[in-house]
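Here are a few notes to go with your first look at this one. Have the structure open and follow along point by point.

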Amino acid sequence: MAERVVVVGSGAAGLTAALTASKAGHDVILMTKGPLGESNSLYAQGGIAAALFDDDSVEAHIADTLAAGAGLSDPVSARVLCQAGPARIHELIALGAEFDRCPDGRLARGLEAAHSVPRVVHAGGDATGRAIIAALVRAVRASRIAVWEHCFARDLLVGDDSVTGIRVLRDGREHTLAASAVIIASGGAGQLYRHSTNPLGATGDGVALALRAGVRLIDAEFVQFHPTTLAVPGTPLISEAVRGEGAVLLDARGERFMLREHPDAELAPRDVVARAIARQMQSQGDVPVLLDARPLGDAVLRRRFPGFVALAAAHGLNPSEVPVPVTPAAHYWMGGVEVDDDGRTALRGLSAVGEAACTRAHGANRLASNSLLEALVTGHRAALALEQPSAATLPRAEGRPAGGHRAISRSELQQVMWQWVGLHRDTAGLASAQALLAEASVPVSDEHRVADLETANLLQLAREVVAAASDRTESIGAHHRSDADLSSRQPEREVSIAC
Ligand SMILES: Cc1cc2nc3c(=O)[nH]c(=O)nc-3n(C[C@H](O)[C@H](O)[C@H](O)COP(=O)(O)OP(=O)(O)OC[C@H]3O[C@@H](n4cnc5c(N)ncnc54)[C@H](O)[C@@H]3O)c2cc1C
């Protein structure tokens, strides 16, 4: 049995891993950058996909996952993910997560695009993440897991080809913590981009520290963008259903530009809408486009979209009277630390789970509502696998040259990524980004300043995303090369990025 297991991150993946490891008898420390439970998981809205219903099957869920992945998913990993779904949902229910139910008591379920049957279970309407995290946090608080809040994981300690511990910042001081296993559950890196649906803490720290320890990052070029977020700081999501009900997109002159872009206009596939908005914004001087929901009328807006109305009101906007500014935003990162189906990396004692990890189940694009599922499934499996001898035969990373000397701020970095490595990519833009980032460095004035350390991690990851995007010259899934030839592969079916 491992002597001490350190779990980094308290989203759905980290909380699940910590609980499972503790139940298996390990001595667990769960460390997290903010308060316990603060994470992307907390803000997840739509729900979790799992084959729980009589008219559904694991096979159908796998088929939908593979179709979304545009041929790049690993079918074995997709099977591992989908097969474990029902058990993980039942476990959450046993922990007290209150999923929405029909009047007869059966679980309610939603249909999202690219799912062949309704299989997305949700809680509190569109507050699924909050309900899941509340149940998991309660269980962690009631367990013997040691919780270290406001603790920043900085680097791994490595010796003899295995992890021996972790270096952390806590209470403004650096601590070195010995551990026989470390599970990275630190989430994605939405903060790589100027516009992102992710909270400020999504800076890819765990992925960066795994990279520095010699573990590979894979599928880094695949970043999913959400088409419509309110163009205010934090870019909160606006449900695609608003367009489904009749809202239209307007350019700066008040004209419907989507009519020129696709026969289905605003109801074109999401990737098409997101790219068209980005193009339109660029052509009008980087000004957001407008979502005009006035055709829905005040009563329908309030009844169907109270969340959207409240969000707009919080920013002084009434969508039944004025069009609201919207922009696409980075939403989910398919890439991550290369792991096997039990979360193990190429380095003994180091596992990665959830959005920080990549099993290749998602391939080139993630099926909607498969990511909370992934967090639960991989967190559980990695903790159980701590007992087993390492089966991972994954290659180690090749080092990249260190950076240059030109100081770059986080917002400059985010702008570079948005402009050249965002929804549209081409050789010239990627080369510009590569040259700029190669020269860049993040001045760390105070070795204990978390914000600077996060930006340095983002810079390291940005270089990886640019390199991967440059290497992949075709358009596929979420990776769109404007200079690719027409034979580029796309999924057979539309991919939902609703949540
Ligand atoms: C607005 C929004 C809506 C979404 N809706 C859905 C949905 O409906 N369905 C769905 O399936 N997916 C949805 N997603 C995606 C999904 O929420 C995430 O992919 C998933 O929750 C990731 O879980 P995780 O546990 O891997 O990471 P996270 O939930 O992001 O947790 C990461 C944790 O690591 C901690 N951490 C990070 N760095 C450090 C460090 N250096 N030291 C210590 N701790 C650190 C963070 O503080 C956090 O606690 C949504 C995402 C967003 C942003």
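1. Let's begin with a pair of helices. Helix 15 and helix 16 run roughly antiparallel to each other, because their axes cross at roughly 150° and anything over 145 degrees counts as roughly antiparallel. To find them, look at residues 427-439 for helix 15 and residues 450-471 for helix 16; the two axes come within 10 Å. The crossing is left-handed. Do keep in mind that this is a predicted model.

2. Now step back to helix 14, residues 410-420. Its axis and that of helix 15 come within 9 Å and cross at roughly 165°, so helix 14 and helix 15 are also roughly antiparallel. This crossing, between helix 14 and helix 15, is left-handed.

3. On to the ligand. Which residues come nearest to it? They are Glu-38, Ser-41, Gly-46, Glu-355 and Ser-371, out of 37 residues around the ligand. By type, that shell splits into 19 polar, 13 nonpolar and five charged residues.

4. Where in the chain does the shell come from? Helix 1 (12-23), helix 2 (40-43), strand 6 (151-159), strand 14 (324-333) and helix 13 (370-385) each put in at least two residues. Helix 13 gives the most, with four.

5. The side chain of Thr-32 has an N or O atom 3.2 Å from a ligand oxygen. Gly-47 uses its backbone instead: an N or O atom there sits 2.8 Å from a nitrogen atom of the ligand. At Ser-369, a polar backbone atom is 3.5 Å from an oxygen atom of the ligand.

6. How much of the ligand does the protein bury? Taken alone, the ligand exposes 1,000 Å², and the protein buries 97% of that.

Definitions and conventions. Residues are numbered from 1 along each chain as its sequence is written. This is a predicted model: local features need pLDDT of at least 70, side-chain atom pairs count only at pLDDT 80 or more; totals for chains, interfaces and linings use all residues. Side-chain values use heavy atoms; hydrogens and water are left out. A residue is near a molecule or strand if one of its heavy atoms lies within 4 Å of it. A polar contact is a pair of N or O atoms within 3.5 Å; within protein, one must be able to donate a hydrogen and the other to accept it, and residues adjacent in sequence count only if both atoms are side-chain atoms. Accessible areas come from the Shrake-Rupley method with a 1.4 Å probe; for residues, only the protein chains shown count as cover. Ala, Val, Leu, Ile, Met, Phe, Trp, Tyr, Cys and Pro count as nonpolar, Asp, Glu, Lys and Arg as charged, and the others, Gly among them, as polar. Axes are lines fitted to C-alpha atoms, for helices over the stretch in contact, and angles run from 0 to 180 degrees between N-to-C directions. Angles under 35 degrees count as roughly parallel, over 145 as roughly antiparallel, 65 to 115 as roughly perpendicular and the rest as oblique. A crossing is left-handed if the near helix is turned anticlockwise from the far one by less than a right angle, and right-handed if clockwise.
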